[in-house]
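Me: I'm new to this one. Can you walk me through the side-chain contacts and the ligand surroundings?

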Amino acid sequence: MSGLVVIGSGAAGVSAAETFRARHPNIPVRILTTDPALPYAKPPLSKDFLCDRDTRLDLHSAAWFDRNRVELIRGVTVRGIDVERQEVVTAGGRRYAYWHLVVASGSAAVRPPVAGIESALTLRSFADAVALKMAARYADCAVVIGAGLIGCEAASCLAGRGVATMIVAAEHVPLQRRFGAQAGERVAKILSDTGVRFAGDTTVAAIEDGRVVLGTGETVEADLVVSAAGVRPDIRLAEAAGIATRDGRIVVDEHMHTSARNVYAAGDVALAHNVTAGRPIPAEHWRDAAHQGRVAGLTAAGFSAVWDIVPSYASVIDSSVLRYRGWGAGYERSRFVEHHNGFTVWYESGDDVVGVLTLNADDDYRRAEQMLRSA
Ligand SMILES: Cc1cc2nc3c(=O)[nH]c(=O)nc-3n(C[C@H](O)[C@H](O)[C@H](O)COP(=O)(O)OP(=O)(O)OC[C@H]3O[C@@H](n4cnc5c(N)ncnc54)[C@H](O)[C@@H]3O)c2cc1C
């Protein structure tokens, strides 16, 4: 019984499956996923969930999958794609034929090459978040490696839970690579107001029992270490199947078609052509993954759809909500505008706005949408 097969139960995979199902009530739809949990939202894991605030994680109930006849096969890893026979094969050797296939295998956490790193926790899945929350209950002091979005969010939650927390990062200020120095300084202030200490311009040299050795030679006590050093899209399946990849992602057009017949890719793993930007845009955000999954599901179902939204996401550090909208990679200059209680950073290249970051400046955030579309 071939039909739609989806690899991965994140935003992209679930969205592809539900979109296809809505168009074709009788064709088999199957999701194969390594994750043992019912599909869930990832953004709250480093925010409300870790901070112990009320939140709903499930994307759909188990009954929804039954009712909609979307077969969800959990705890199974796909090891290969046979594009000639139109089959996928699992680690256990089971083969599933597909008519259309959506690869939505997402990203995996990258651990820096540091002695003792295997004892550090990562935060990529629900299981990771549960493990981190439990460890935090028994920890007095923590070191978070990396000052990206997830590192900053997790550190503020840990501090909020009463764990003395330090972020260690190669950047001078948090989020500098992504948002620039001025925004980074503001984030550093927000973090320090929540009680997080920040050690910038340094790295972790080793993790030892109960402590972390910094590149400077200084040691910091830590009974909990979180590695938040970034993620890498998992393209091994595509590479082994001979599907075209570039810059560490699976190349897809605006309809999410890969180079292989009836195979689509969506979400973090895809390098998709965005018709509004007029070029391929790497995106590692929840809303984009869901939108790309929808486009893949519609295309597989025989309908016309393209990825055309401007990427956006929000980050919550303590009670501060940073909102970003834009094309992400690279800008020539940034313009920092101070507001009462917040700020806007305009990122520009040539005469065009290519991104905007706001804190308590929703009007600018809204205004940017039109600017970015017409750039
Ligand atoms: C803690 C955290 C907080 C985040 N916060 C935000 C935020 O605030 N805003 C935002 O926009 N984005 C945020 N993100 C990023 C966002 O969650 C991702 O961009 C999004 O989840 C990507 O969706 P995806 O479906 O492409 O991949 P994923 O969500 O990574 O899902 C991939 C799926 O594929 C499965 N899989 C992988 N390999 C295989 C295989 N070989 N066989 C079978 N199954 C496989 C995995 O088990 C998983 O189910 C956050 C991510 C994390 C981890």
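Me: What do the side chains of Glu332 and Arg333 meet in?
Reply: A salt bridge, with N to O at 3.7 Å. Keep in mind that this is a predicted model.

Me: Is Glu332 buried or exposed?
Reply: Glu332 counts as exposed, at 59% relative accessibility. Arg333 is partly exposed, at 37%.

Me: Why does Arg333 get the label "partly exposed"?
Reply: Because its 37% falls between the cut-offs of 20% and 50%.

Me: How many salt bridges does the count come to?
Reply: The count is 22 salt bridges.

Me: Give me another one. What is Glu338 bridged to?
Reply: Arg186. The closest N and O atoms of Glu338 and Arg186 are 2.7 Å apart. This pair links distant parts of the chain, 152 residues apart. Glu338 is in strand β23, residues 333-339. Arg186 is in helix α6, residues 181-193.

Me: How exposed is Arg186?
Reply: Partly. Arg186 has a relative accessible area of 25%.

Me: And Arg85, which residue does its side chain meet?
Reply: Glu87, in a salt bridge of 3.7 Å, N to O. Arg85 is exposed, with a relative accessible area of 54%. Glu87 counts as buried, at 14%.

Me: Why does Glu87 count as buried?
Reply: Because its relative accessibility is 14%, and buried means under 20%.

Me: New topic, aromatics. How many aromatic pairs are there in the whole structure?
Reply: The search finds eight aromatic pairs. One of them is Trp64 with Phe65, an edge-to-face pair. The ring centres are 5.0 Å apart, with 85 degrees between the planes.

Me: Why is that pair called edge-to-face?
Reply: Because the angle between the planes is 85 degrees, and an angle over 60 counts as edge-to-face.

Me: Are Trp64 and Phe65 buried or exposed?
Reply: Trp64 is buried, and Phe65 is buried as well.

Me: Which residues form the aromatic cluster?
Reply: Phe179, Tyr313, Tyr324, Tyr331 and Tyr347 form one cluster.

Me: What about charges over rings? Which ring does the charged end of Lys133 sit over?
Reply: The ring of Phe49, with the charged end 3.8 Å from the ring centre. Arg23 also has its charged end over a ring, that of Phe303, 5.2 Å from the centre.

Me: Where does Lys133 lie?
Reply: In helix α3, residues 126-137.

Me: Is Lys133 buried or exposed?
Reply: Lys133 is buried, with a relative accessible area of 13%.

Me: What is Lys133 in contact with, leaving aside its neighbours within four places in sequence?
Reply: Phe49, Leu50, Asp52 and Arg161. Phe49 is also the residue whose ring lies under the charged end of Lys133.

Me: On to the ligand. How many residues surround the ligand?
Reply: There are 34 residues around the ligand. The closest are Lys47, Val78, Arg124, Asp268 and Trp286.

Me: How far is an oxygen atom of the ligand from a polar backbone atom of Ala12?
Reply: The distance is 3.0 Å.

Me: And what about Lys42, which part of the residue is involved?
Reply: The side chain. An N or O atom in the side chain of Lys42 is 3.0 Å from a ligand oxygen atom.

Me: Which atom of His285 lies 3.2 Å from an oxygen atom of the ligand?
Reply: For His285, a backbone N or O atom lies at that distance of 3.2 Å.

Terms used:
Residues numbered from 1 in each chain as written. Predicted model: local features only at pLDDT ≥ 70, side-chain atom pairs only at ≥ 80, totals over all residues. Heavy atoms only, no water. Salt bridge = Lys/Arg side-chain N within 4 Å of Asp/Glu carboxyl O. Buried < 20%, exposed > 50% of the residue type's maximum accessible area, 1.4 Å probe, protein only. Helix = DSSP H or I, 4+ residues; strand = E, 2+ residues; numbered from the N terminus. Phe/Tyr/Trp six-rings, centres within 6.5 Å; stacked < 30°, edge-to-face > 60°. Lys NZ or Arg CZ within 6 Å of the ring centre and 35° of its normal. Contact = heavy atoms within 4.5 Å. Near = heavy atom within 4 Å. Polar contact = N/O pair within 3.5 Å; in protein donor to acceptor, adjacent residues only side chain to side chain.
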